[in-house]
Amino acid sequence: MAAGVTGSASPISAAIVAFPCHVPLQVGFERMELQRILDLYGRMVAAGLWRDYAMNFDKEAAQFSAFRRAAERPQARIEKRPSLRGKQGMWTLFGEVGQVLKRGHELAGVLSPLERKLLKVVED
């Protein structure tokens, strides 16, 4: 007999699940999403609008918060909530006092109000 194999034959019981439910332990950002958010953060820091950030990951949502100063409320909060993917879009942009500024299915569209703050008129 081979090593690790016993001589008794025991039946293997298996549970069959029609549609296994895989619930993630936490929601996170994909690499390209985080790269897009951090690129915007870097440009906002260079413009002097933001100085600090925080990320929060739990079962329902992933959040990126940007602060003017560390001791304040976040000036902007970007939230990814996959449970809303089929409804109003999984991306939400919140303002400083918690109001919803933009919702959508695409991250680029949700970040557009923040990117508009970086635009400056140049006259020739």
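Author: Let us begin with F57, which is partly exposed because its relative accessible area is 32%, and that label covers values between the buried limit of under 20% and the exposed limit of over 50%, with a 1.4 Å probe and protein chains only. This is a predicted model, in which local features need pLDDT of at least 70 and side-chain atom pairs count only at pLDDT 80 or more, while totals for chains, interfaces and linings use all residues. Residues are numbered from 1 along each chain as its sequence is written, and side-chain values use heavy atoms, with hydrogens and water left out.

Reader: Where is the place of F57, and what makes a strand a strand?

Author: F57 belongs to strand 1; strands are DSSP runs of E with at least two residues, helices are runs of H or I with at least four, and both are numbered from the N terminus. The protein has two helices and five strands, and from the N terminus they follow one another as α-β-β-β-β-β-α.

Reader: Which residues make the nonpolar surface patch?

Author: L38, Y53, M55 and F57 make this patch of about 310 Å², and strand 1 (residues 52-57) gives the most to it, with three residues. The rule takes residues with over 30% relative accessible area and no salt bridge, joining nonpolar side chains (Val, Leu, Ile, Met, Phe, Trp, Tyr) within 5 Å and like charges within 9 Å; areas come from the Shrake-Rupley method with a 1.4 Å probe, and for residues only the protein chains shown count as cover.

Reader: Why is the aromatic pair of F29 and F57 called edge-to-face?

Author: Rings of Phe, Tyr and Trp (its six-membered ring) pair if their centres lie within 6.5 Å, and planes under 30 degrees apart count as stacked, over 60 as edge-to-face and the rest as tilted. By this rule the count comes to six aromatic pairs. For F29 and F57, the values are 5.9 Å centre to centre and 70 degrees between the planes, and the pair is therefore edge-to-face. The pair links distant parts of the chain, with F29 in the segment before helix 1 (31-46) and F57 in strand 1, 28 residues apart. F29 is called buried because its relative accessible area is 14%.

Reader: How do you know that Y41 and F64 form an aromatic pair?

Author: Their centres are 6.1 Å apart with 75 degrees between the planes, which makes this pair edge-to-face. Since Y41 lies in helix 1 and F64 in strand 2 (residues 62-67), the pair ties together parts that are 23 residues apart in sequence. Both Y41 and F64 are buried.

Reader: What makes the meeting of D39 and R43 a salt bridge?

Author: A salt bridge needs a side-chain nitrogen of Lys or Arg within 4 Å of a carboxyl oxygen of Asp or Glu, and for D39 and R43 the distance from N to O is 3.5 Å. Being four residues apart in helix 1, D39 and R43 are separated by about one helical turn.

Reader: Where does the salt bridge of R43 and E115 link the chain?

Author: The side chains of R43 and E115 meet at 3.3 Å, N to O, and this pair links R43 in helix 1 with E115 in helix 2, 72 residues apart. E115 is buried because its relative accessible area is 19%, whereas R43 is partly exposed at 35%. R36, D39, R43 and E115 are linked in a network of salt bridges.
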